[in-house]
Every structure is written in structure tokens, then in C-alpha cells.
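Please look over the notes below with the model open.

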Amino acid sequence: MKYKKLTNAQRSGLNQIPNCRFTLWWSPTINRANVYVSFQVQLDLTGIFMHGKIPTLKISLIQIFCAHLWQKIHESVVMDLCQVLDQELDALEIETVQKETIHPRKSYKMNSSCADILLFFAHKWQMSKPSLVAEPKDEAKFMDYTTDNMSIYPSPTGVMIGIDLAYKIMKSNPALYVLRERIRKGLQLYSSEPTEPFLSSQNYGELFSNQIKWFVDDTNVYRVTMHKTFDGNLVTKPINGAIFMFNPGTGQLFLKVIHTSVWAGQKRLGQLAKWKTAEEVAALVHSPPVEEQPKHIIVTRKGMLDPLEVHLLDFPNIIIKGSELQLPFQVCLKIKKLNDLVLKATEPQMVLFNVYDDWLKSVSSYTAFSRLILILRALHVNRDKASILLKPDRTVVSEPHHIWPSLSDEQWMKAERVLTDLILSDYGKKNNVSTSALTQSEIRDIILGAEITPPSQQRQEIAEIEKQAREASHLTALTTRTTNVHGDELISTTTSQHEQASFRSKTDLCVRAVSATNLHLRVNHIYVSSEDTKETSYTYIMPMNILKKFICVSVLRTQVAGYLYGISPPDNTQVKEIRCIVMPPQWGTHQQVHLPSTLPEHDFLNCLEPLGWMHTQPNEQPQLSPEDLTAHTNMLENSKQWDREKCIIMTCAFTPGSCSLTVYKVTPSGYEWGCCSNKNTGRNSNPLGGYLPTHYQKVQMLLGDRFLGFYMIPDNCSWNFNFMGVRHARDMKYGVKLGPPKEYYHEEHRPTHFMEFSELDKDDPLELDREDSYTVFFVFPGNFLMITLYCSESESSVFPSYFGDCSRACHVPLNAISSFFLFLIC
């Protein structure tokens, strides 16, 4: 907070926070008429009068008496008095006790009043002066009530009841207990009395005792959808919600649908939703018989504790407590069956489900609850993948009266394992930890939603050091070769495991090659940028078959380019269908790609018109790069066949898990800028200066599969010169032929790599025994016999093979080879 920029009002508000406790503690002394001489103001819905402007005290009192607590206290005290007086009829010589019907606002309407209780006596009571009022403040208050000449409230006779909240009221009077707890909370007083512990991963096994327990989740009670208005403003619209009331012992789910009509004309809906939830829970608790009522109610959000305590005052034996576990009950509305039921409801209704289906026939309620939390947590982490894991094939079905797929016990055990792996892998990615470093208790806490500290990098390094210490008895000698500045080769052998850490950059060849093998997964998520496109220019259609192939033969961090050729359909000249991509010899970097200055020529291209070029790029850019514009204008200058209005620049950006396509056309001002930039290349002036967004414009492109495209590749060389860049020249000549392009890391593009393999370990003294092979050819009348001899120190294998006949192999000792040759010669 100290790093944030605060206004003076905010700072003064922060400074007043400690004073809330002070003013509340001293409020009986401060809030008096002889301390503040001003106009009295009555707090709403209470009988408290403020004698001066004390904002912190006013806020504290409003929080203490929220939700009509003043009225509830008045009613409960009157009922307690009636019961006490009714029990002492004989001792007090009372004939009958009668509770009067009063106005709901009677408790805080101070300028009029009526009796709450009528006592009918057998004999007249003796009246005297108030002798039990010992404290001066209490006596002054009594005199205020009895000598007020401005109202009809005072009575010449009566009794004043004072209640000391310091005594152990506990649950005998729930309303006073709530008042006492709120005052203690406002004063930040915490007693040493044992309180009911919140639900945690250590005590959640108590959920399955003989007592009935309920979970109450209000996460989905108030739900809204957001949409943009015509003016661009975001507007929220309430949709149907639901209260989740769940019995973990039996699996019963009481789903109370909250219709949108509940929120009509209401304000502060987020706060109202909590009290509406408490009201519905209290109504549900009233409905079953006493033996089926819950003994514990566990709320998933702590904000529900106070509303439930107020609404369940009639049930003092029900224990209400919170939960330290972030249980994923809100995911239930992601289940299609439940979500459709809630959204299609036309009025508030209560629906009963069993979320355990028929699991309790074969497993305990503990196992069923753990399985449910595991499924909901997996759906919360990755809904699509979890749904696939639950329904791996079409043979798995869900019964009409069930929520989950119908699986056998063995199938459920398998599903639980893969769902656990899904949750842990997501946790490992988010917290940058290895799942193997997690203990069993941490895995349990992750699934249940307990707050844990993820294993730190330091802890993992400590574990590695301890592991190395345990493996010290199994050391392996490591021989390394280095060369000093004089060219002398140094060979050292060590058994120490230090200084052996390896690092691989994302630009490493092996890392990039492995990443390129996953490009085929991105073709399922291709997005076309349609913002700010000009509908007056041409519309381009790209066939999916050549686009997917172009993505698969590319690589993430190096740009790959191709020329575009196509035609217009006879019925619409404003549409350009891309029919061909030509892959010229090229090499590139992450910023640009280098192409020959000559354009391809072939008979197949004569019937097509050039439509520009496309290339990949590692990241999505908000605009066309200046390098692309200068390269495009250079192509327009070198070839008169290219029409500036028809030729485009298409970029294919590798966004996370997908590809984004954007199509640009150069404007006349951009063409002039590009020509000037090409002329200034190599001079001291900045060739990219003066670049503006008006130098290009976006055009519309569509993806389709109604027609197929084809590829043309170099006829006498590879298209990828990134591994042999010295052979590439800007003025090189090349021809093209029909054919699919090879992948970026195909062996034809990098012959030098395979030539280097043959040079590896040529003079290695530690080299293992190699098998030397010799092939001997003999010509016989009618047959061609090839014999390959694999000779080693111990034995030799002789493989005679006849073309057209089956071959048979036999292993013979080395001393038998000479006899075999003599037999052949003879």
C-alpha cells in the first residue's frame, strides 16, 4: 500500500482506521449530550442517537446492527421475558402473561410506543423509586426515558432492563450472542474460549461422521453477462443463478435456482445475494423434520458466516463455520445438465440431485467425496481435457438420471489417476515446480484447495544436494577433453558431479527442432485478423491445405517465405483465389527473410497472376514491419508483372498454441517511402525514418476448403538455405517444379550435418569394437548371389540372399570361413 499513489482523502481515511477501535470502546463516554452539544441524529433501524458527527463510530455501529439486528434483539428479549415470567406465575402472583402485537418499527420509533407484554395480576404490586439503578449513567438514561415531555413514550411506572454482554450469554439468546460477537470483532477482542475450527485438510475426515452436515456455496447466486453497447460501454445483465447446498455424507444436492426477477429494482446486488442465500438456506432448514436437519453448516466463503448466523437464530444448535479449503463447487454450473437447467428456468425453484450417482453402492462416502472434488478440480483446471478423460470414447455413456459417466470401479481408478496428473501438471506449470518434488500431503492439499507454499527453487536444490550425497557411493568417472591457448589437448578424468550443469537456449538447434515437430497442432487454431480491414479492395481466399502445409514446414524463430499465385473466379473479379505457393531458395532470421532477386518462371505459373508473398514471424506485430514494406517495394520494382493493387503481404504469426494471419496492402505513400528507403540503404541516414501507419492498409482474407492449392519448389536445390547460407546469393538462378516442400529440418536441407557424423570419434581410443562388413559378389548362370560377411573377433555371420528367393542366415566361426570360400571356388 505504501508504494501506491494516494490522495489526501485516502491518506486521512487510512489514518482514521486505528481510531475506529478507540471511538467504539469509548463510545458510552464520548457519545453523550453533555459532551457534544448539537442536533441529535438517529441511526437508521436502531434506537441509537448520535450527539455529534463521529464518522468512525457511526460506521462501526452501522456494521454492528446491520441486517435488522436491533429489531431481532428487541423481539428475542421480549420473548425471553415472556418465558421467564410465565415460569414464575405463582411466585409473582400473576394470573396470565400476554405478548402484545406490535408494529415492526416499534423498537426504534422513539416518539410513540405501546406495551410489549401485558401482565394480569391477582393483587396490586407495590411501586417504589428505582432502587436497583446504581450507576449514574443508567439512572440518567432512566430519567431521560421517564421525564421526556415532548413525546407520549414516558410512563410513570415501568421497569428498565439492562443486559451485560460480558457474561457468558453464548447461545441462550442467539440475537444477543450475534451482537456480542460483532462488538468483540469491532473492538478486536479475541477470547480464549475454544471456537469451532474451520474446515481444513487436517479435519475434513470429520465430514463423514454420523451427524448431518451441509456445504453452502453462494458463488453462482448472482451471475451476470457483459456486453458492449453501441456507444462502446460495458453493460452487465443478470442471468439465472443457483445456491449449492450439498450433503457430503449422502451426495444429496439441493440446487435452488435464483431467477433474475429476484434482482429487479434492487441495489447493491452483491451484498443482497449473501442475505438472499442465507434466507433460502434458513427456509430449507425449516422444511425437513428435526432428525433430518443439519447439525453443521459449512460455508465456502467467509462472507456468508454473518448472514447465516442472523437468519438461523431460531436454530441455536446448528454450528455454522467456514472453510479454509477452496472447494471447487462453483464448477458444478459448468456441467451442461445443471447449467441448462438453471439457465432455462422461468421462475425460482428447488431441484434435488445426487451428485454421487450410484457410487455409494461400491465405495464409501469418503471415497465418493474425494472423487467428486477430484473431478470438479480437474474441470476447473481444464474443462475440455477433463471432459475427454472422463469420456475417452463413445462406448462410455451417462445414464439419464446420472450426472457423471457410468464407469466401472477399475475405470474410475484409472480416471482418478489421469485427473490427478492433469491437476498436478497445471499446478507445476503455474508455480514453476516439478511435480516429482511434491509430497503426498501437498498433493492432497492441492486437490482439496488448501493454501500451500509451492516448493521453492531453493528447496529443490537442497533435495538435489541430498540426492547427490546418497548417490556418492555410485560415482561415475567423467572424461573431458579441452584445448589450451597453445593448441595442446588436455584430457582430465573426474568423479565429481559438480560443474556439469548444462544449458540450452531457446535458439539451440535441438530445442528448435523439437519445437518444430509440434507445429501441426497449431493448424487447428488459425485466426484471421479482420479489424480495420478495407472492404473496397480485393478479397483473398486461401485454401486450407497449402496453408497447413506451409505452417508445418516452417519453424518458430526463423522467417519462412513463399510467393503467392492465383486467379479470379469468372463471376467476381474482386475476389482472388490463391492457388499456388512457390518456395524459392531462401534463408532468414527472426526479423526478415532473404530471397533471390529473380522471380520464379514455369508453364504452370503462366496461367496464374502473382498475388504477392507471405512469410512467418515469431510474434504477432501490431503493424506491418518496415522491413516487410521495403522488401515488398523492392519486389514491385524488380518485376513489372506485379501489380501494386493486387499484390499483398501476408504474415503468419506464431501466437501461443495457434497462428494468426494478417494481410496488408501497400498504399501509394508507402510505396514511395519504400522506394526511398531502398535507395538510402547503405548510407549514413536512417533508412527506416519517417515510417507511418498510413503506408499500408489491411485487406480482407478468407480461409476455405472448396478448392485445393499446390506447391512448387526449386528443381535442382533445396528451398531451405539456412544450413548452407554461403551457397545462397541474391542473384542466383533457379528453376521450379511441382512438388511438396520438405520440412525445415529435413536431411536434404542440411547435408553437412550428416557428413560431420562420419567424422565423429574417428580416432577415439575408447571406441568400442566395430563390425567390419565386406560384400562379395558372385555371378552364377541364372542367379546373382550376394554374400555379406560381418567379421568380428569372435564370430562371423554369412547372409546369402537370392533375388526373388527367401534368404537364410547362419552364424559360423571365423575358422570356417576359409572352408566356405574353398567350397564356393570349387
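**Core and helix packing**

1. Of the 57 residues in the largest nonpolar core, F215, F246, F329, W359, F369 and W404 touch the most other members. Such a core is a set of buried Ala, Val, Leu, Ile, Met, Phe, Trp, Tyr and Cys residues joined through side-chain atoms within 4.5 Å; buried means under 20% relative accessible area with a 1.4 Å probe, protein chains only.

2. At least two residues of this core come from each of several elements, including strand 8 (241-246), strand 9 (252-258), helix 10 (336-343) and helix 14 (440-448). Helix 11 gives the most, with 9 residues. Helices are DSSP runs of H or I, at least four residues, and strands are runs of E, at least two, numbered from the N terminus.

3. F369 touches Y204, L207, F208, F215, F246, P248, F329 and Y356, leaving out residues up to four places away in sequence. Contact means heavy atoms within 4.5 Å.

4. Helix 11 (residues 365-381) and helix 13 (residues 409-431) have axes that come within 9 Å and cross at roughly 45°. Axes are lines fitted to C-alpha atoms over the stretch in contact, with angles from 0 to 180 degrees between N-to-C directions.

5. In helix 11, R371, L374, I375, R377, A378 and V381 meet W412, E416, L419, T420, L422, I423 and D426 in helix 13.

6. The model is predicted: local features need pLDDT of at least 70, side-chain atom pairs count only at pLDDT 80 or more, and totals for chains, interfaces and linings use all residues. Residues are numbered from 1 along each chain as its sequence is written, and side-chain values use heavy atoms, without hydrogens and water.

Conventions: Buried means under 20% relative accessible area, exposed over 50%, partly exposed in between (1.4 Å probe, protein chains only).
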